[in-house]
Amino acid sequence: MQILLMVWNGINGHVEGAVLLKGLFIMALASMFWMVCELVKHLVNVLGKLSVDGFKYLAIIIRGWPKQVDEGENMGGPSHRAPIDKGTF
């Protein structure tokens with residue numbers, strides 16, 4: 001915080017473009033804050049997916065693999081629906 005305050009006070013009005021320099025400094029700080037927020041969002045997303053997968057594997061270890069599900073067939077999936085007659089549309 002001291003470094004930021006020192007830079008802020010250092011561009012305090014010694015040159016004609018001090019307002020422009022302060023604006024650029026604020027934009028640089030805002031962009032760094034934005035990058036940190038995006039990094040945190042990405043890490044939360046990745047850790048959330050990893051925890052969900054971990055709980056799925058834990059459930060498989062505890063309960064065992066389901067015995068009635070065939071390899072290529074989902075329960076209630078498209079294979080259990082009636083075929084659509086394309087001539088009626």
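Trainee: What is the accessible surface of the protein chain, and what share belongs to carbon and sulfur atoms?
Mentor: This is a predicted model, where local features need pLDDT of at least 70, side-chain atom pairs count only at pLDDT 80 or more, and totals for chains, interfaces and linings use all residues. Residues are numbered from 1 along each chain as its sequence is written, and side-chain values use heavy atoms, without hydrogens and water. Areas come from the Shrake-Rupley method with a 1.4 Å probe; for residues, only the protein chains shown count as cover. The surface is about 8,600 Å², and the carbon and sulfur share is 69%.

Trainee: What percentage of the 89 residues count as buried?
Mentor: Buried means under 20% relative accessible area, exposed over 50%, and partly exposed in between (1.4 Å probe, protein chains only). By that cut-off, the buried share of the protein chain is 6%.

Trainee: How do the axes of helix 1 and helix 2 run, roughly parallel or roughly antiparallel?
Mentor: Helices are DSSP runs of H or I, at least four residues, numbered from the N terminus. The axes of helix 1 (residues 2-10) and helix 2 come within 10 Å and cross at roughly 155°. Angles over 145 degrees count as roughly antiparallel, on a scale from 0 to 180 degrees between N-to-C directions. Therefore helix 1 is, relative to helix 2, roughly antiparallel.

Trainee: Which residues form the salt bridge?
Mentor: A salt bridge needs a side-chain nitrogen of Lys or Arg within 4 Å of a carboxyl oxygen of Asp or Glu. The structure holds one. Its two partners lie in helix 2, three residues apart, about one turn of the helix. At 3.3 Å, N to O, the pair is E38 and K41.

Terms used:
Helices (H or I, at least four residues) and strands (E, at least two) are DSSP runs, numbered from the N terminus. Angles under 35 degrees count as roughly parallel, over 145 as roughly antiparallel, 65 to 115 as roughly perpendicular and the rest as oblique.
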